[in-house]
Amino acid sequence: MGALLIIGGSKGIGNALLKLEVENRKVVNISRTAPEFEHPNLTHYGLDVLIDDLPNIEEIDGIVYCPGSINLKPLGSLKLEDFKTDFEVNVLGAVRVIQNYFRKLKKGHNPSIVLFSTVAVSRGMAFHASVAAAKAGVEGLVKSLAAEFAPAIRVNCIAPSITDTPLAANLLKNEERKEALGNNHPLKRIGSAEEVAQLASFLLSDNASNITGQIWGIDGGMGNIK
Ligand SMILES: NC(=O)c1ccc[n+]([C@@H]2O[C@H](COP(=O)([O-])OP(=O)(O)OC[C@H]3O[C@@H](n4cnc5c(N)ncnc54)[C@H](OP(=O)(O)O)[C@@H]3O)[C@@H](O)[C@H]2O)c1
């Protein structure tokens, strides 16, 4: 069995996925800082995925790209540079990784890719112009590559609402903030990294071998219902 390649397994959703998968399979992690633990099944490369050379990996069955951004500002405060930075980390980083590994991935077992969008693409939200534009790019990339790579490689996308990770730490400073943001959702709560990781794990598994080109909301209902 080939490895699962996680870009961003040191923190947040990628870290929860790493912990979920590493007991049962080889995991290769790429992030600038190391995950907080070592494991015989885990290989870590300390790299910036946007600029550093990517390592050779012998066999790969799955790729999950976790780097993202939450840069929330009114349009008047957003600079073009903000849009470029958000596009680079969310879209171009994923493109760089996929271009580097897709030929090898194609030879893997039930090979698949999971990328991350946000609920702010399906539901317009104030101050999300830059990140929503970049994540809409991710969704377009997912559907295009799902078509291009079928039937060899499945490509799916997860679109969370606010999730309790280091990326969202500024928005979730205390329990009151968490409760207030949770109450904006039909299901009256925010998400956890572990439950998003469970969905990613399912999409990578043989149980999802007939699923590709989909955007999976995990958002307390916010994307689709009032
Ligand atoms: N959390 C939310 O509320 C939320 C909501 C909607 C969508 N999402 C999306 O879900 C995905 C995962 O989010 P998260 O909250 O788990 O993010 P996170 O807590 O910021 O974790 C991101 C991971 O990516 C790694 N990373 C970031 N930039 C990197 C780079 N240039 N090179 C290598 N590794 C890099 C980070 O590790 P190092 O810092 O060690 O490099 C970290 O392990 C993102 O795409 C995000 O946009 C999250």
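## Contacts around I6

Two residues are in contact if their C-beta atoms, placed from the backbone, lie within 7 Å. By that rule, and leaving out residues up to four places away in sequence, I6 touches G14, L17, L18, V27, N29, V64 and C66.

A quick word on the model: it is predicted, so local features need pLDDT of at least 70 and side-chain atom pairs count only at pLDDT 80 or more, while totals for chains, interfaces and linings use all residues. Residue numbers start from 1 along each chain as its sequence is written.

## The nonpolar core

I6 turns up again in the largest nonpolar core, which has 54 residues. Such a core is a set of buried Ala, Val, Leu, Ile, Met, Phe, Trp, Tyr and Cys residues joined through C-beta atoms within 7 Å. Here, buried means 20 or more other C-beta atoms within 10 Å of the residue's own, also placed from the backbone. I6, I7, V64, L115 and A200 have the most contacts inside this core, and its largest share, 10 residues, comes from helix α4 (residues 129-149). Helices are DSSP runs (H or I, at least four residues), as are strands (E, at least two), numbered from the N terminus.

## A look at α4

How far apart are the end C-alpha atoms of α4? They're 30 Å apart, which agrees with the span its 21 residues should have at 1.5 Å a residue (1.5 Å times one less than the number of residues).

The buried residues of α4, among them V131, V138, L141 and F149, pack against α2 (80-106), β5 (112-116), α3 (119-122), β6 (154-160) and β9 (215-218).

Notes: A residue is buried if 20 or more other C-beta atoms lie within 10 Å of its own, exposed if 12 or fewer, and partly exposed in between; C-beta atoms are placed from the backbone.
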